[in-house]
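Subject: Structure handover

Hello,

The structure is placed below for your files. My notes on what was found follow it.

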Amino acid sequence: MTPASPSRRQLLLGAGTVTALTALGVGPAAAAPRSPRAPEVTGLGPGNADFPLMSATLLGETLWIGSRNLAPAKVVGYHVPTGRVTATATLPTGNFVQGSAAHGGRLYLGVTDAPKAVNLYRLDPADGSVRGLVNVPGADVRDVAVAPDGVVYATGRQKGRAAGPGLYAYDPATGVLTEVASPAPGATQGRAVEATATHAYLGVGSNLAGGGGATLASLFAVERATGRIADITPPELAADTIIRQITALGDDLLAVSTEGKPAHVAFLDPATHTVLRSFPVPGTKSITNFQRLGDTVWFTSTEQGVVWRYRLAAGTLEQFAVPVPDGNSWGLGRLGDTLVGVTEGGTAWTLSTSTAAVTTTDLVAAGAPAEAQLGMSLAARNGRVYVGGNGSIALHDLRAGTVRKLPVPGEAKDTVILDDDTLYLGVYSSQGIWRYNPWEDTEPVQEAVLPQEQNRPQTIRWDEEHGLLLLGVQADTTGGGSFVTYRPGSGRPTVHVDPLGSEQLVRAVAVGHGQAFLGGDNAKTTGPRGDLAAWDPEAGRELWRIGTNLGSGISSLAVQGRWLFGITVNGQVFSVDLRTARRRPGGGAPAPVIGARADLRAITSANPRLLVVDDRLYGISERTLFRLDPETLAATVLVQVDAEWYSGARVAADDGGVLYTLRGRELIAVRDR
């Protein structure tokens, strides 16, 4: 099967792509002559241009949608009856526009990644004006709500704060921000707020940097008049990871949901906070939004395109499959008997509650700006370069000079290409292993699932000798992680949980000499990190383990000949002579010792990575692309990239040895001469 022809959206997304040069071996254009020693750099346009999103609130007939990983952050107004984007507003700070609530014809918006700047805004749709209100101290604002009297409540993630996530109140009449409550010092973030005339509600937990006794799902009610705090967590929800959503459905019903195994829903009486009914939602990880229509409550889950209907009187739960291609729901509104929502990859949808008829609209095609987002992952082969983002992979066909969007629910954190051109992806959150073959698949498909708590793949590698995919994984909710081996086509991954102990995730994996090498890190600021281990991937057992003792976790590993090279999260590179760890007759392998070391912190940033191409060793960080001398580990900077990635820079090489990475948010090809 040949790949499908590009759609109008794909052509729009590919408009900035530059056809690759003859020097790269994939196009007819002539390249300007350069010094034999200078790397040749070719710009290939935005790495992954789209409109990823992370919130949506219906105001009148317009759904106001907040962007994710765009700079600057955007909010667009999508007019539901016409299916067109009719307004766009820009926020001066922030990355995710995640908190969103309406009151008095205005929108209140909270953003992440602005801990010392304004992170709470007000948008007036009448004139399109945006006003920065206040800084919620040190917070990634995850949710906002507005009480009937106009007071705005917010919560989020406040990294390293001893008091845990706070509930904050902002009074628009006075401009004063007040910390109302911080009742859970053991929680890692606040995820949900709601406010009524009498109470403000805070939902917390630890779905990031969990484990180690971190607080699980907890729900608190705060009397607005007195400040009195009560823990009203329904017992059925207490074992879940975090409170994900709190919604007042009229004056008589408070809906609460969790992230769990599976997720739960509880309905409470707002007057007494007694639980009226609670139940698990089969097969779900997280319940995200609620709407009510008479006796019926509708809600969405993070599973791809799923809407649920719950009848209050009968206590019956039904599932509706909404055909949206790109995953998690980030908003739900209601116009009469029509539900309207959006999914993370840039699709708006409607569902008629009376007929079950569904419509879907691509937001870029409807007029939303397609802009370069933060990069997630990178792979290259046979004239194709794949750049991962939120809800999609951008496939750059360098021969044709086009870009095609491939929908992927969640985030492809790392990718690898096999000899038959099949791309394999490790996908967050809890999406497991996905596959895309450009000759057989019209879009990526899920190949295998992993345990739900093993939710954040960090790296994926191909072990040609054993015919196995090898993954290093982080477990956000429980701490630690796993080493996963998977034979393509089997559907049955083997998951080795916590191979480096209960606190270390597996951030790095490398392959060589019939072994897999694992590098450990820790999502928490304290605790063990930096262990290095060798495994027999076929037998599933550890061969040796050492501590690198460099004070930092291992970000990346690479094998070249007899040498294993590693680089830490903070940019310290080291080598290990694998000859010192040969198997002894009748016994196990001795642990090797760290050999050469070099401190590259002057030219790197967080989470640098290594790549071996033929006999050359390269490194990439968000600051620089560099080449390393394998003996001395001295670095030669090739390109100052100042790149913008979500979780550390990536570099890939095609079958001709050309390197690909991002400069800023632009995809570039680099030929090292």
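Thr 288 counts as buried because its relative accessibility is 4%, where buried means under 20% relative accessible area, exposed over 50% and partly exposed in between (1.4 Å probe, protein chains only). This is a predicted model, in which local features need pLDDT of at least 70 and side-chain atom pairs count only at pLDDT 80 or more, while totals for chains, interfaces and linings use all residues. Residues are numbered from 1 along each chain as its sequence is written, and side-chain values use heavy atoms, with hydrogens and water left out.

Thr 288 belongs to strand β23 (residues 287-293); strands (E, at least two residues) are DSSP runs, numbered from the N terminus. Its side chain makes polar contacts with the side chains of Asn 289 (3.0 Å) and Thr 300 (2.6 Å). A polar contact is a pair of N or O atoms within 3.5 Å; within protein, one must be able to donate a hydrogen and the other to accept it, and residues adjacent in sequence count only if both atoms are side-chain atoms. Neighbours within four places in sequence aside, Thr 288 is in contact (heavy atoms within 4.5 Å) with Arg 244, Gln 245, Thr 300, Ser 301, Thr 302 and Ser 329.

Ser 329 also lies among the residues nearest the centre of the second largest cavity, together with Gly 305, Val 306, Thr 343 and Trp 349. On a 1 Å grid over the protein atoms alone, a cavity is a set of points where a 1.4 Å probe fits but cannot get out, and a pocket is an open set with protein on both sides within 12 Å along at least five of seven lines; lining residues have an atom within 4 Å of a point. Grid points are joined across faces, edges and corners, and a volume is the space filled by probe spheres set on the points. There are four cavities of 30 Å³ or more. The second largest cavity holds about 40 Å³, and the largest about 60 Å³.

Arg 461 is one of the residues lining the largest cavity. Arg 461 is also among the residues closest to the centre of the second largest pocket, as are Val 416, Leu 611, Val 612 and Ala 653. That pocket has about 1,200 Å³ of space, and β50 gives the most to its lining, with five residues.

Regards

Note on methods: Helices (H or I, at least four residues) and strands (E, at least two) are DSSP runs, numbered from the N terminus.
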